[in-house]
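Good morning, and thank you for coming.

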Amino acid sequence: MEVKGYKIEPGADLSEADFSEANLRGADLRGTNLYGANLTGANLYGAHLAGANLGVADLSRADLRWVNLGLADLTAANLNTSNLFGANLVQAFLGGANLGGANLTAGNLYGAYLVEANLAGANLDGANLTGTD
């Protein structure tokens with residue numbers, strides 16, 4: 001799969017890539033390096049991002065419904081107003097992330113690291129927050 005000139009595959013180095021408004025629905029991005037990537041408004045519905053590095057990435061307004069972000073590193077990532085309905089964030093690292101206004105309804109954040117994360121205005125209805133820091 002190729003999107004905006006980038007080859008999409010597990011473990012790829014896509015750091016600083018521009019995927020703004022891109023369609024990455026269902027993409028297999030397990031273990032991918034997306035550090036500092038621009039994913040503003042991207043469609044990542046059902047994508048597999050387990051173990052991916054999304055540190056300081058911009059995922060504002062992204063469609064992340066049913067995405068797998070288990071064990072992903074989202075340190076200081078911008079997820080402002082993103083839709084994470086039903087997302088798997090088990091043991092994800094979200095230290096310092098901006099989740100302001102995000103929809104985390106029915107999300108699984110079991111064991112996630114949320115120290116210094118901004119959750120102002122986030123919808124956490126039905127979310128599993130067991131064991132979060």
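Predicted model: local features only at pLDDT ≥ 70, side-chain atom pairs only at ≥ 80, totals over all residues.

**Starting from Arg-25**

Arg-25 lies in the segment after strand 2. Strands are DSSP runs of E with at least two residues, helices are DSSP runs of H or I with at least four residues, and both are numbered from the N terminus. Residues are numbered from 1 along each chain as its sequence is written, and side-chain values use heavy atoms, with hydrogens and water left out.

Is Arg-25 buried, partly exposed or exposed? Arg-25 counts as partly exposed because its relative accessibility is 48%. The cut-offs are these: buried means under 20% relative accessible area, exposed means over 50%, and partly exposed lies in between, with a 1.4 Å probe and protein chains only.

Which residues does Arg-25 contact, leaving aside its neighbours within four places in sequence? They are Asn-43, Leu-44 and Tyr-45. Contact here means heavy atoms within 4.5 Å. As for Ala-92, it is 67 residues from Arg-25 along the chain, and the two C-alpha atoms are separated by 20 Å.

**The protein as a whole**

Let me now step back. The secondary structure comes to zero helices and two strands. Strand 2 covers residues 6-7, and Thr-40, to which I shall return, is placed in the segment after it.

Along its principal axes, the C-alpha trace spans about 40 × 20 × 20 Å. The radius of gyration of the protein is 13 Å, which agrees with the value near 14 Å that a compact globule of 133 residues would have. That radius is taken over C-alpha atoms, and the globule rule is 2.2 Å times the number of residues to the power 0.38.

How much of the protein counts as buried? Of the 133 residues, the buried share is 44%. The protein exposes about 5700 Å², and carbon and sulfur atoms supply 47% of this area. Accessible areas come from the Shrake-Rupley method with a 1.4 Å probe, and for residues only the protein chains shown count as cover.

The contacts also deserve a remark. Among those between residues at least 6 apart in sequence, 1% join residues at least 24 apart.

**Two further residues**

I return to Thr-40. Thr-40 counts as buried because its relative accessibility is 13%.

With 28% relative accessibility, Asn-128 counts as partly exposed. Not counting residues up to four places away in sequence, Asn-128 touches Gly-107, Asn-108, Leu-109 and Tyr-110. The C-alpha atom of Asn-128 is separated by 13 Å from that of Asn-103, which is 25 residues away along the chain.

**Charges and salt bridges**

We come to the charged residues. The protein has 6 positive and 13 negative charges, and their mean positions are 10 Å apart. Lys and Arg count as positive and Asp and Glu as negative, while His and the chain ends are not counted. The place of a charge is NZ of Lys, CZ of Arg, CG of Asp or CD of Glu.

Side chains of opposite charge can pair when their charged atoms come close. How many salt bridges does the structure hold? There are four, a salt bridge being a side-chain nitrogen of Lys or Arg within 4 Å of a carboxyl oxygen of Asp or Glu.

One of them joins Lys-7 and Glu-9, at 3.7 Å from N to O. Lys-7 is exposed, at 53% relative accessibility, whereas Glu-9 is partly exposed, at 35%. Another joins Arg-30 and Asp-28, at 2.5 Å from N to O. Arg-30 is partly exposed at 44%, and Asp-28 is partly exposed at 25%.

Arg-65 forms a salt bridge with Asp-63, with their closest N and O atoms 2.6 Å apart. In this pair, Arg-65 is partly exposed at 28%, but Asp-63 is buried at 17%.

**Two backbone angles**

Finally, consider Leu-71, whose phi is near 65°, a positive value in a residue other than glycine. Leu-71 is exposed, with a relative accessible area of 56%. Ala-76 has a positive phi as well, near 55°, and is partly exposed at 38%.
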